[in-house]
Structure formats: structure tokens, C-alpha cells
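Trainee: Can you show me how to read an annotated site and a ligand shell?
Mentor: Let us look first.

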Amino acid sequence: MTAGTGAGTECSGAGASGARDAPVHGSPLRPAILEGERVLDAAGVPSARAEVEMLAAHLLGTERTGLVMFPRVEPFVLDSLGELVRRRAERVPLQHLTGTAILGGVTLAVGPGVFVPRPETEWLLERGLRWLRDRRDPVVVDLCTGSGALALALAHERPDARVFAVDNDRAALEWAHHNAALRRELGDTPIEVIAGDVTDPDLLAERAGSADLVVCNPPYVPEGTPVPPEVGEHDPHGAVFAGGDGLELVPHVVARAEGLLRPGGLLGVEHDETHGGAVAALMRRRPTLAGVETHPDLTGRPRFATAVLSGETDSAGTGSAQAVDELA
Ligand SMILES: C[S@@+](CC[C@H](N)C(=O)[O-])C[C@H]1O[C@@H](n2cnc3c(N)ncnc32)[C@H](O)[C@@H]1O
């Protein structure tokens, strides 16, 4: 399934138009929820109760908290719920079943072929937004954009921003274009989705020295790391894994950011918890980067690194190949 056909869901819910009317007659929902919880628990799905409730809410076009309005439902709703629970028990990601994921203020269409945005990436979004607070008409680059999540969430909060979203994967780019079109229809400032590779020294060369903010949630899991089926079988391999140490792309991301940022601009990178200070250490080795910091996620694990471009960029203005060699 691609973005063009995949914006729907495996069992469509009531959608954005509103909740279904609760039938007076029909079958009780609660036993189906309890049975769904049992099935998902047995399949090893974490937070089974919450997930089955989210699937039911999706079908009924409501929030989880709105389920109290549906003590009884039409029998076809229970059939659809049973089917969704069956698929979830096969460890198909919840977001592939509902067809959506949320980052910040935007709901993104997701499905096969694209990385499902994760809640922890909210940190990078918030940090970026805080950084831009006093900057008018900022230029923002989202490297490794996937569904367009960070780029679109930033554009949603900052209509005055010019946002570039880069990815090298054809399917991801389809989803990013699809989401960009959806957000544009909803009134957000259009973003520019760009097919490009962060290892390319000429990437966005025409934007050299112009960015106030570069964000990147790259693939960063060390190859061979055991991951849940939702990740291993459904997220694209190239969106998750990045070489034996998971750091294959980071030197390139740093070099691209050095070229793209204007002096005083911020680079923010999400990374694996096993990297500890490794990404920050890579940044500290760059003389043009200052104020390098590692940041924990909500559970205290080191998951983000930030740095500010302090000096002049190299003469090419794009981050030199030599910079990558030095960092690798
Ligand atoms: C972990 S996903 C992040 C997606 C999105 N930023 C998010 O937070 O949901 C990493 C993305 O990087 C892309 N990617 C991998 N290697 C790349 C490269 N060399 N150049 C550009 N994008 C790349 C993948 O296609 C994938 O969409």
C-alpha cells in the first residue's frame, strides 16, 4: 500500500466528521473490549486495554474517553473491532490499523512504507519551537522527514516559517507529499518536500547558510538490535537501522547542518539511548559548533543532542566531505 491508496484504514472509523450515533439497541461494547484486551495481552501487546479502547474509539469516531457514550453498538462494529484486534494481535502497528499518528498539533496519515512517528520525538519538536520563538520568518530543514511529521508539526505552529522536508526513500516521500497536501488543505503553510540524501554534500546547497533550525530524527538503531515485531516487520529497515553502531548517518547530518545553518542556528538530533554522549561528542569535535548538549527523554535516557552554529561555514557552504571523514 502506498500513500496514494493507504490513507484509509483497514477498517474505517467514523472519521473526522464526528462520532456515530450511539444505538439504543445493539450489543454491549464492554464484553468485546474485555475480550480484545485478553487477546492482545496473550499476543504480548503492551497496554492491551488502552489499545483495544483506541481501536474501538477509532471505529466509533470518538476519543477513548468518549466510549462511555457507547454502552451498546451495532453488531457490525463488534465484527470490525474483532478484525482489528486480530490484526493487532499479529503485531500490525496500531497506527497502521487506524491509519494515523499524531505529532504535536498534526495528525499524519501513516501506513506500510513509512516510519510511524513516535511520541518521544515531541521533545525535538518542542525544543525547535522554543528555539524559533523569537525568530520571524524562520527557515527550517527537517532531514530524514519520513511522513513529514516534524516538518509539518513545525509548519503548523509557525505559519511564517519556510520549511524544507528531506528524505531519500520513495515510499516515505509519497507519504510526506500526501501529508503535506492534507495539511495545506487544512490551511497550514505549505512545506517543500525534497527527494535528497543526507550523505550528499550538495544537498540543498542553494539554501547554504540560511537555516535557523535543522532537526533530524535519523535511522539510529545499531544493526542486529532486537526490536518488537511492529518495528522489525513494519517500519522500513532503512528508517530504523544505521550500521553496526547506529551512527552511520550522524556525521553526515552534522556536516549538512553545518552547511545549512546560519550562524546562531540550532541543530537538534534524536539518537539511540545506547549512544549516550556519542552524538554530542561527534558534535563537539566540530570547531564551528558550540553549546553542545545531550538531553534525556521523559524516562531519563539520553536521547537528543543539540548544538549551535557559532562560526563561519566552509567555503562550499554545504559541510565538506572532509568534515564527514573527520567525524566518522
Ligand atoms: C527514524 S525515520 C524518522 C522519520 C520522521 N522524521 C519521524 O520522526 O517520524 C528516518 C527517516 O530517514 C530516512 N532516511 C534514511 N536514510 C536517509 C538518507 N541517507 N538520506 C535521507 N533520508 C534518509 C528514512 O527513509 C526514514 O524516513
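**Annotated site and ligand shell**

Mentor: The UniProt annotation "binding site", from an unreviewed entry, covers Asp167 and Asn217. They span 51 residues in sequence, yet no two of their C-alpha atoms are more than 11.1 Å apart, so they gather at one spot. UniProt positions follow the numbering used here, feature names are shortened, and annotations may be inferred rather than shown by experiment. Residues count from 1 along each chain as its sequence is written. The model is predicted: local features need pLDDT of at least 70, side-chain atom pairs count only at pLDDT 80 or more, and totals for chains, interfaces and linings use all residues.

Trainee: Is Asp167 buried or exposed?

Mentor: Count C-beta atoms, placed from the backbone, within 10 Å of the residue's own: 20 or more others means buried, 12 or fewer exposed, in between partly exposed. Asp167 has 28, so Asp167 is buried. Asn217 has 26 and is buried too.

Trainee: What is Asn217 in contact with, beyond its neighbours within four places in sequence?

Mentor: Contact means C-beta atoms, placed from the backbone, within 7 Å. With those neighbours left aside, Asn217 touches Thr121, Leu124, Cys144, Leu150 and Glu270. On the same terms, the contacts of Asp167 include Cys144, Thr145 and Gly146.

Trainee: Which residues come nearest the ligand?

Mentor: A residue is near a molecule if its C-beta atom, placed from the backbone, lies within 6 Å of it. Of the 23 residues around the ligand, Pro117, Cys144, Gly146, Asp169 and Ala239 come nearest.

Conventions
Contact = placed C-beta atoms within 7 Å.
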